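Subject: Structure for you to look at

Hello,

Here is the structure I said I would pass on. Please open it first, then read the notes below it.

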Amino acid sequence: MDTSADNTNLKTQYAAQINTDLERNTADHERLSSEITALQQQLLVLENNRVLLLGMRQSLGDEAADVPENTGVSGSENGASAARKSAERSPTRKPKKKTDTASGKRKGTESGGKRTKRVRAAGAPTLRDLIHGDLTQHGEPRSAAEVTATLTQALPDREIKATVVRSTLESLVAKGEAHRTKQQRSVLYSATAPDAAAGAAERSAASSS
């Protein structure tokens, strides 16, 4: 009888230990699963940002390769610096323009416009281009807040305001380059097809004329 009682107690102890190990295993499994899910979401965000940044660099062409890495200065600041240098050099040239004829003054004005275009070409892409590129990249409808969050995370050195993003999205909608939909209380935007955008631009030009 004593042997039977000992066997029963031993089985009870084993069963209790197995239950404890199973509970610990289940808890660890749930914890690791949640961590893996969070890491996968972070990886997805990083991949989306990488694709967006690569698209921006490709749109800039060879000029992106000339920009030094880890400088901590955004493209807009580079453009502003170039503009300031051009403004500082211009006063020394003004006395020479006074002796020019009317045609010479017009030429000077045209050369100044060319310098402005070069400054813009050397800077970063406009916010309009960034927003349209983000809509084209994701494909699915996105809210203004989502677009703002993506661009802010991809370009931390550039100040991007949600109100400006929303107004730019409405401008894209007005020109037929984006489509606006409403889902319950949310307003979502998506990029239109190139053919549809071209047709909307032609209709807008015809109505304005």
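Tyr189 is buried, with a relative accessible area of 3% (buried means under 20% relative accessible area, with a 1.4 Å probe and protein chains only). This is a predicted model, in which local features need pLDDT of at least 70 and side-chain atom pairs count only at pLDDT 80 or more, while totals for chains, interfaces and linings use all residues. Residues are numbered from 1 along each chain as its sequence is written, and side-chain values use heavy atoms, with hydrogens and water left out.

Tyr189 sits in strand S3 (residues 186-191); strands are DSSP runs of E with at least two residues, helices runs of H or I with at least four, numbered from the N terminus. Leaving aside neighbours within four places in sequence, the contacts of Tyr189 include Leu135, Glu140, Leu169 and Val173 (contact means heavy atoms within 4.5 Å). The C-alpha atoms of Tyr189 and Glu140 are separated by 8.3 Å, although the two are 49 residues apart along the chain.

Leu135 is also one of the buried residues of helix H6, along with Leu127, Leu130, Ile131 and Asp134. Seen down the axis of H6, these fall within an arc of 130 degrees, so they line one face of the helix (the arc is that of the directions from the helix axis to the C-beta atoms). Just after H6, Gly139 has a positive phi of about 80 degrees.

Where H6 meets H8, the residues in contact include Leu135 from H6 and Leu169 from H8.

Regards

Definitions and conventions. Buried < 20%, exposed > 50% of the residue type's maximum accessible area, 1.4 Å probe, protein only.
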